[in-house]
Amino acid sequence: MENKVVLFNTLTRKTEQLVPRTDGKIGMYTCGPTVYHFAHIGNLRCYIMEDILEKTLRYIGYDVKRVMNITDVGHLSSDGDTGEDKMLKGAKREHKTVMEIAKFYTDAFFSDCAKLNIKRPDVVEPATNCIDGFIEMVQKLLDTGYAYVAGGNVYFDTSKLENYYVFSGQSEQELMVGVREDVGEDSNKRNKSDFVLWFTKSKFDNQELKWDSPWGVGYPGWHIECSCIGIRHLGEYMDIHCGGVDNIFPHHTNEIAQSEAYLGHAWCSYWFHVHHLNEKGGKKMSKSNGEFLTLSLLEEKGYNPLIYRFFCLQSHYRKPLEFSYEVLDNVGVAYDKLKKRVQSLAGDGETEEQKFSEYRARFEGALCDDLNTSMAITVIYDVLRDEMNDATKRALIQSFDEVLSLSLFVAEQQKGEADKELEAYVLEKLEERKAAKKEKDFAKADAIRDELAAKGVQIKDTREGTVWSMR
Ligand code: AMP
Ligand code: ZN
């Protein structure tokens with residue numbers, strides 16, 4: 001198929017044409033949440049923009065497989081190998097076990113995602129499911145001389161690579177800030193940039209989750225999980241790897257080091273990084289400083305979560321975004337107005353084919369240009385202003401909303417809690433039905449239609465996708 005997306009690639013620091021390894025197919029990986037606390041709205045900005053990327057790729061016809069890990073072990077409070085274990089910290093705070101904490105915050109994360117119309121990735125894999133894979137990978141790195149055992153832990157030897165600092169434009173000095181402290185604390189490391197693959201003799205005597213390994217009872221480092229889970233579900237090559245900019249170093253740098261050493265060849269072609277959501281004054285929103293904004297807090301203050309989604313879509317993913325209630329209020333007013341206008345469009349009549357293709361091309365053009373979401377939103381307003389008939393406007397905006405996912409056609413009275421749950425349920429079922437149809441499992445597709453009908457949900461397949469309404 002025609003490759004028409006251009007994306008900024010952190011690896012080359014250039015905006016490049018996206019060319020997947022297999023024509024028409026994209027393997028996409030997302031660093032998932034560390035489930036020791038609620039996601040803050042900064043984390044959610046990242047997942048909203050990644051969701052837009054995935055949906056854009058699907059919209060223009062790619063067959064996308066998206067994989068996400070859940071970090072439920074191994075992430076220390078510094079992104080290097082120092083500090084407390086985040087999961088243990090969460091468990092202590094709430095007097096629960098690590099697995100209880102992981103389950104609770106994983107569910108909370110996906111509930112936030114559902115409220116924000118973020119599609120669940122095709123594969124969601126908790127790190128604790130893959131310990132055998134981590135051990136196999138670490139063993140191979142030891143066998144091939146890329147890793148060493150020291151003081152009971154296994155370390156990756158970064159001096160074995162020609163270019164450890166693969167993300168260009170970053171100097172060693174700039175990147176070593178967090179790691180330098182390690183050298184003093186951890187004299188086992190041969191080089192200051194080496195990192196832990198497997199901990200056994202760590203400072204966490206009270207570590208709850210431990211597994212047997214050839215190097216003693218212990219637990220994996222954080223970075224190895226994303227390499228292993230990515231390779232396990234997407235194979236030896238990955239097209240796009242996503243995350244927030246704070247993941248570039250050391251996390252993604254270390255993922256590349258160990259994956260390429262393990263595979264013996266280049267691994268992932270495009271690195272997509274979302275910039276931070278900042279608090280007023282420019283400070284990065286972060287979970288570890290204790291005070292942060294959650295989606296539930298916004299809801300308590302009366303904001304529809306989709307207003308936050310709309311807020312995020314107004315700015316470019318590669319720019320820092322400052323959160324403020326004033327701006328959120330303005331976005332809320334714009335959102336309600338837009339919904340009203342869109343919902344007042346009459347649905348009957350013939351679609352004007354030429355107008356439809358012209359505007360669809362403009363919408364696609366905006367998103368394919370390094371995900372210019374604010375331009376894509378401008379296209380909605382241009383459609384509303386145009387002289388085409390209402391049916392065409394409706395069809396276009398309904399189609400755009402497959403990507404933007406702002407629920408523009410969900411009626412106001414469906415805003416209640418029960419209705420939001422219903423909407424999330426219907427969207428999930430429609431995805432399942434789409435997949436069943438693709439697999440030519442028409443019996444399953446019909447069963448889903450019946451299941452929805454039993455709940456009073458009527459669906460209609462149109463050329464622009466499936467639309468639904470309450471009977
Ligand atoms: P964590 O749960 O801390 O592992 O982070 C989940 C994702 O959110 C990662 O991809 C981070 O890079 C990203 N992230 C963390 N803080 C922010 C922020 N303030 N704004 C946007 N993304 C963030
Ligand atoms: Zn990761």
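Biologist: Which residues have the most contacts inside the largest nonpolar core?
Modeller: This is a predicted model. Its largest nonpolar core has 87 residues, and L57, I240, Y308 and F400 have the most contacts inside it. Helix 1 contributes ten residues, the largest share of this core.

Biologist: What is L57 in contact with, leaving aside its neighbours within four places in sequence?
Modeller: With those neighbours left out, L57 is in contact with V5, L18, I26, M28, Y62, V64 and I240. I240 is itself one of the residues with the most contacts inside the core.

Biologist: And which residues does the second, separate core include?
Modeller: That core has 49 residues, including F134, I135, A150 and C228.

Biologist: Turning to the metal, which residues coordinate the zinc ion (ligand 2)?
Modeller: The zinc ion (ligand 2) is coordinated by C31 through SG, C226 through SG and H251 through NE2, at 2.0 to 2.2 Å. The spacing of these donor residues in sequence is C-x194-C-x24-H.

Biologist: Where in the chain do C31 and H251 lie?
Modeller: C31 is in the loop between strand 3 (25–30) and helix 1, whereas H251 is in helix 8 (residues 248–263). The two are 220 residues apart, and the pair links distant parts of the chain.

Biologist: What is the peptide bond from F249 to P250, cis or trans?
Modeller: That bond is cis, with omega near 0 degrees, and P250 is in helix 8. After helix 8 comes G264, with a positive phi near 80 degrees.

Biologist: Now the second largest pocket: how many residues line it?
Modeller: The lining has 30 residues, and H40, N43, D246, N247 and K284 lie nearest the centre of the pocket. About 550 Å³ of space lies in this pocket. By type, the lining residues are nine nonpolar, 14 polar and seven charged.

Biologist: Which element gives the most to that lining?
Modeller: Helix 1 does, with six residues. Strand 10 (238–244) is also among the elements that supply at least two residues.

Biologist: Back to backbone geometry. What is the phi of N117?
Modeller: N117 has a positive phi of about 55 degrees although it is not a glycine. It sits in the loop between helix 3 (98–115) and strand 5 (123–126), and with 10% relative accessibility it counts as buried.

Biologist: What about K440, buried or exposed?
Modeller: K440 is exposed, at a relative accessible area of 62%. Its phi is also positive, about 60 degrees, although it is not a glycine. K440 lies in the loop between helix 15 (417–438) and helix 16 (442–454).

Biologist: Finally, which residues is S374 in contact with, leaving aside its neighbours within four places in sequence?
Modeller: S374 is in contact with L313 and Q314. It is found in helix 13 and is partly exposed, with a relative accessible area of 28%.

How values were computed:
Residues are numbered from 1 along each chain as its sequence is written. Chains are lettered from A and ligands numbered from 1 in the order in which they are written. This is a predicted model: local features need pLDDT of at least 70, side-chain atom pairs count only at pLDDT 80 or more; totals for chains, interfaces and linings use all residues. Side-chain values use heavy atoms; hydrogens and water are left out. On a 1 Å grid over the protein atoms alone, a cavity is a set of points where a 1.4 Å probe fits but cannot get out, and a pocket is an open set with protein on both sides within 12 Å along at least five of seven lines; lining residues have an atom within 4 Å of a point. Grid points are joined across faces, edges and corners, and a volume is the space filled by probe spheres set on the points. Helices (H or I, at least four residues) and strands (E, at least two) are DSSP runs, numbered from the N terminus. Ala, Val, Leu, Ile, Met, Phe, Trp, Tyr, Cys and Pro count as nonpolar, Asp, Glu, Lys and Arg as charged, and the others, Gly among them, as polar. A nonpolar core is a set of buried Ala, Val, Leu, Ile, Met, Phe, Trp, Tyr and Cys residues joined through side-chain atoms within 4.5 Å. Buried means under 20% relative accessible area, exposed over 50%, partly exposed in between (1.4 Å probe, protein chains only). Contact means heavy atoms within 4.5 Å. Donors are N, O and S atoms within 2.8 Å of the metal (3.2 Å for Na, K and Ca); water is not among the atoms, so sites may look incomplete.
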